[in-house]
Every structure is written in C-alpha cells, then in structure tokens.
Amino acid sequence: MPPRRRGASGFRGVRVRPSGRFYAEIRAGGFRLTLGTYNTPELAARAYDAAAWRFRRPRRDMNFPDVESLEEAEFLAPPPCLVDDEDRRRHRQVQRRIAIAEHDEQLMRQWRAQFPNDVDNTDAFFAILRAQRRSNRRHRRAVANFELENPNTTWTEDDPRWDDIWTETTSDDD
C-alpha cells in the first residue's frame with residue numbers, strides 16, 4: 001500500500017483550517033484522535049509526531065524522522081490545548097454577547113433610518129448636555145481659583161474641590 005499523501009500543509013496528519021490555523025489529528029484503531037489546533041503547521045506536525053511515537057508508529061510515518069525518542073518528541077511538541085467545560089462556557093458567553101451587540105447595532109441602524117428626526121433631537125440633546133457640563137466645569141474652576149486667592153478660605157488643604165483648579169474647560173469629555 002502506498003504511503004498516505006501529505007496535505008496542503010506539507011505535513012502528515014495536519015490540515016489547514018479556513019481560519020488559517022492548522023489542525024492536527026491521528027488515526028488509530030479505526031478512531032480519529034484530535035490533537036488540537038495550532039498557529040503554525042510545524043507545531044501541529046510536532047504534536048502529530050508525539051502521538052505517533054506513543055502509538056509506536058514507524059519512523060517513516062513521522063514528519064520529523066530525526067527525532068530519536070518519545071521523550072524528545074514530547075519535549076518538542078507544543079503543550080496540549082486543554083478545553084474544559086469552563087472554557088466552553090466562557091466561549092458561549094462571549095459569542096452570546098457578540099450576537100447581542102450585533103443585533104443592537106442592526107436595530108439602531110433601522111431606528112435611524114425610520115426616525116431621522118429623533119436622531120437630530122438626540123444629537124441636539126447631547127450638544128446641550130455637553131454645553132451644560134462645560135459651563136459647570138468653568139464655574140467650579142472659577143470658584144476654586146477664587147478660594148485660592150482668598151486668604152480667608154473655608155476649604156481645608158485636602159478638600160477635593162482644589163482639584164477643580166486643574167479642570168479642563170474646553171474639552172467635551174467629563
């Protein structure tokens with residue numbers, strides 16, 4: 001029987017994923033054993049070789065025949081990617097949040113298309129709010145400067161209102 005051909009990755013037991021990552025697997029006794037997904041084909045091939053050594057495969061079936069022992073193959077192989085229930089739960093939670101955010105963005109696009117006057121009103125509301133905040137910061141800064149120049153101030157040294165002297169009044173930020 002001819003040897004199995006090597007895939008697009010150039011290594012035995014390594015496949016290229018659509019994402020561009022590399023997937024390693026080995027077949028043994030009618031079963032397919034998944035070895036994980038790796039960033040480079042070499043790492044996936046090293047994982048394959050470590051598994052091949054464990055299954056006592058001949059050296060001609062290895063990707064790196066210069067490796068002399070199981071210990072060396074395992075030393076050169078990347079650590080296994082452990083996926084447990086907590087990882088799966090976290091992944092599902094992240095995917096749910098992404099789906100909700102995408103749905104919210106879609107609804108906002110629809111709302112803006114249906115109610116352009118509301119968008120204008122919203123922009124006007126936030127412009128007024130920014131102006132009020134800027135005015136409030138200017139007032140706090142003026143009061144702090146007055147207290148600084150007043151020799152009979154009632155503020156203590158550690159009063160947080162002294163920080164208002166350094167308040168930026170030209171910014172639209174809080």
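Welcome! Start by selecting Glu-74, which is partly exposed, with a relative accessible area of 35%. Keep in mind as you look around that this is a predicted model.

Arg-54 is exposed, at a relative accessible area of 55%.

How many salt bridges does the structure hold? There are six, so let's visit some others.

Select Asp-159 and Arg-161 next, a salt bridge whose closest N and O atoms are 2.7 Å apart. Asp-159 counts as buried at 14% relative accessibility, while Arg-161 is partly exposed, with a relative accessible area of 40%.

Zoom in on Arg-15 and Glu-25, where the closest N and O atoms of the salt bridge are 2.8 Å apart. Because Arg-15 lies in strand 1 (residues 14-16) and Glu-25 in strand 2 (residues 22-28), the pair ties together parts that are 10 residues apart in sequence. Is Glu-25 buried or exposed? At 6% relative accessibility, Glu-25 counts as buried.

For the last stop, select residues 116-149: this is helix 4, with 34 residues, reaching 50 Å from its first C-alpha to its last. Highlight Val-119, Arg-134, Arg-137, Ala-144 and Glu-147, which are buried. Then show helix 3 (85-114), against which the buried residues of helix 4 pack.

Note on methods: Residues are numbered from 1 along each chain as its sequence is written. This is a predicted model: local features need pLDDT of at least 70, side-chain atom pairs count only at pLDDT 80 or more; totals for chains, interfaces and linings use all residues. Side-chain values use heavy atoms; hydrogens and water are left out. Helices (H or I, at least four residues) and strands (E, at least two) are DSSP runs, numbered from the N terminus. The expected span of a helix is 1.5 Å times one less than its number of residues. Buried means under 20% relative accessible area, exposed over 50%, partly exposed in between (1.4 Å probe, protein chains only). Contact means heavy atoms within 4.5 Å. A salt bridge is a side-chain nitrogen of Lys or Arg within 4 Å of a carboxyl oxygen of Asp or Glu.
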